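Student: I have a new structure to look at, and I would like to learn how to read its features one by one. Could you guide me through it?

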Amino acid sequence: MLVTEVEFQLPKGYVDDAGNLHRDGVMRLATAADEIYPLKDPRVQDWPAYLIVLLLSRVVTRLGGVPDVTPGVIEGLFSEDLAHLQDLYNRINGLAPAMVTVRCPHCGRDHVTEAPQPGG
């Protein structure tokens, strides 16, 4: 069965306007539309780094008791939490390189390296 949603816990947490801390959430797999439509947004066209804010606001379906995860909520995350969500996004959508441990045939030591891409 395909898992389309992943639960997460932010390292620090989002603090809302009332001072409540929200750490637990759910992220769903991204669709093609999630990655394409934000490219038309003028905020992304003016500042490409803003793309991740829009992407995450589309795929984070729950964050504690926050009623709606908007770009403003994502903007309010601490840097560590934003990096955590970016990493999770890349991993669950198959965008992060697979890492494997290999043993050197000459020295016998283990090394961590990227797995080669199929057909590459």
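**Reading the model**

Tutor: The cover over the buried residues of helix α3 includes β2, α1 (32–36), α2 (42–46), β3, α4 and α5, where contact means heavy atoms within 4.5 Å. Helices (H or I, at least four residues) and strands (E, at least two) are DSSP runs, numbered from the N terminus. This is a predicted model, in which local features need pLDDT of at least 70 and side-chain atom pairs count only at pLDDT 80 or more, while totals for chains, interfaces and linings use all residues. Residues are numbered from 1 along each chain as its sequence is written, and side-chain values use heavy atoms, with hydrogens and water left out.

Student: How many of the residues of α3 are buried?

Tutor: Buried means under 20% relative accessible area, exposed means over 50%, and partly exposed lies in between (1.4 Å probe, protein chains only). Helix α3, residues 51–59, is mostly covered, with seven of its nine residues buried; these are Ile52, Val53, Leu54, Leu55, Leu56, Ser57 and Val59.

Student: How should I read the sheet, and what is the order of its strands?

Tutor: Strands of a sheet pair through backbone hydrogen bonds, either parallel or antiparallel, and here two strands pair if DSSP finds at least two bridges between them. In this model, three strands form an open sheet in the order β1-β2-β3, with antiparallel pairing. Because β1 (5–15) and β3 (60–63) stand at the edges with a single partner strand each, one side of each is left without a neighbour in the sheet. From one strand to the next, the twist averages 25°.

Student: What does Phe78 touch, and where does Phe78 lie?

Tutor: Phe78 lies in the loop between α4 (71–75) and α5 and, not counting residues up to four places away in sequence, touches Lys12, Gly13 and Val15. With a relative accessible area of 41%, Phe78 is partly exposed. The C-alpha atoms of Phe78 and Pro11 are separated by 9.3 Å, although these residues are 67 residues apart along the chain.

Student: How many salt bridges does the structure hold?

Tutor: A salt bridge is a side-chain nitrogen of Lys or Arg within 4 Å of a carboxyl oxygen of Asp or Glu, and the structure holds six of them. One of them joins Lys12 and Glu80, whose closest N and O atoms are 2.7 Å apart. Lys12 lies in strand β1 and Glu80 in helix α5, so the pair ties together parts that are 68 residues apart in sequence.

Student: Is Asp41, which meets Arg43 in a salt bridge, buried or exposed?

Tutor: Asp41 counts as buried at 18% relative accessibility, whereas Arg43 is partly exposed, with a relative accessible area of 40%; the N to O distance of their salt bridge is 2.8 Å.

Notes: Axes are lines fitted to C-alpha atoms, for helices over the stretch in contact, and angles run from 0 to 180 degrees between N-to-C directions.
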